[in-house]
2 protein chains.
Amino acid sequence: MHRAHSDKQTAILDAAQKRFSFYGLTKVTMDEIAEDLGISKAALYYYFPAKEELFRQVIARRHNEFFDLVEDANKTIQIAGEKILRYFQLYLAFFNKLLNLNLVNLNTVDIIHPIIKILFVEFTKKEYDLIESILHEGKKNNEFKIDSPQKTTVLLQHVMQGLRMRFFKAARNRDLEEFDIKMYENDIRLFAKIFLIGIGFPAENACL
Amino acid sequence: MHRAHSDKQTAILDAAQKRFSFYGLTKVTMDEIAEDLGISKAALYYYFPAKEELFRQVIARRHNEFFDLVEDANKTIQIAGEKILRYFQLYLAFFNKLLNLNLVNLNTVDIIHPIIKILFVEFTKKEYDLIESILHEGKKNNEFKIDSPQKTTVLLQHVMQGLRMRFFKAARNRDLEEFDIKMYENDIRLFAKIFLIGIGFPAENACL
């Protein structure tokens, strides 16, 4: 569970998210968000001192939501391999949601990057701990045949980051197409399967 | 085998490679290369109409060398899984050579990129054909348990590209360290192992 926002803050984040989703980070002004909420600009700045901070927190909510779902799943699932599978599934849903909400607007990815850089570091850290603990558990109970849960976690993260970078790079020179998203999803699905079998999970259960 | 260069062209490429390795693409002039060879600038331009073309061909030689080695290995190796292993080994050696020759100078990666873009497309195409044919062979002789050699090849290429992008990205904000190279090599080695086991190669033979 994460630090709860007040009702006011939640309402502001909802309104901001709507604006950002429609118009992208650069085109939205604090005036417009205040107007949507029927509050003064001063009141808005009281809660969020800058537009970038507002944007950051809109993204942070999605991150937190993702990790809450993964942690909930881990509580109910007994088999480490299925925890990893569930992680991949939730990751795909999370990524798709970010794209659908248009929060990671691909034309402004370079502008957005510095703003969410700290978030990304936090995301990576949390994701590492989560995956490492599952791999450790799977090694301990002989589900996974791996030498080092640490090194395997690093590889998994690097592959995921690399596939994501490839995906976003396509959007630098042209608009992102449905085709790109499908290919990215296929990459993640097939990688998840090969990865799980590769660390010793039975092939027949390894399909996403 | 690839189109042979004349002795003159080879000598020019050797001299250019030396210069580029020491000073990087941007700092080297055609005058200097001509001077190294004791030929006129006109004579140099007769063989290579632009510095960028010279640079491109220096890189192309390394690419060709890599593919020649892979093709040679494939002729003598009988087991598809070992062909893939050998491909990974040769790839690591090739990548290291490019770095050691300082040809992919990391401070000028953005300048170099457009110049070698076509080369990269050719590299990707050749690499695809090569890997796809090995995976196809391994599926046919029941070494590999894969549904689609094509899709598996795409994933393998995407992961390799992604890991490479991650690696080069580290060099955008700081100098590349020995540490980065070690980590990249570890990524490739562990990925190769998990990938091979993941597609059904016996674990005991899957170590790079």
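First, the conventions. This is a predicted model, in which local features need pLDDT of at least 70, side-chain atom pairs count only at pLDDT 80 or more, and totals for chains, interfaces and linings use all residues. Residues are numbered from 1 along each chain as its sequence is written, chains are lettered from A and ligands numbered from 1 in the order in which they are written, and side-chain values use heavy atoms, with hydrogens and water left out.

Side chains of opposite charge can pair when their charged atoms come close. I count a salt bridge when a side-chain nitrogen of Lys or Arg is within 4 Å of a carboxyl oxygen of Asp or Glu. Over all chains there are 24 of them.

Take chain A to begin with. A:Lys75 and A:Asp72 form a salt bridge, with 3.8 Å from N to O. Both sit in helix α4 (residues 51-76) of chain A, three residues apart, which means about one helical turn between them. Helices here are DSSP runs of H or I with at least four residues, strands are runs of E with at least two, and both are numbered from the N terminus. For accessibility, buried means under 20% relative accessible area, exposed over 50%, and partly exposed in between, with a 1.4 Å probe and protein chains only. A:Lys75 is exposed at 66%, and A:Asp72 is partly exposed at 44%.

Now chain B. B:Glu65 pairs with B:Arg62, the closest N and O atoms being 2.9 Å apart. These residues are also three apart in a helix, α4 (residues 51-76) of chain B, so about one helical turn separates them. B:Glu65 is partly exposed at 29%, while B:Arg62 is buried at 9%.

Which residue forms a salt bridge with A:Lys193? That is B:Asp147, at 3.5 Å between the closest N and O atoms. B:Asp147 lies in the loop between α6 (109-140) and α7 (149-173) of chain B, and A:Lys193 in helix α8 (residues 178-198) of chain A, so this pair joins two chains. B:Asp147 is exposed at 66%; A:Lys193 is partly exposed at 22%.

There is also a network of salt bridges linking A:Arg19, A:Glu32 and A:Asp36.

Last, the copies. Chain B superposes on chain A by a rotation of 180 degrees with 0.0 Å of shift along its axis, RMSD 0.0 Å.

Terms used. Copies are superposed by least squares on the C-alpha atoms of residues with pLDDT of at least 70 in both.
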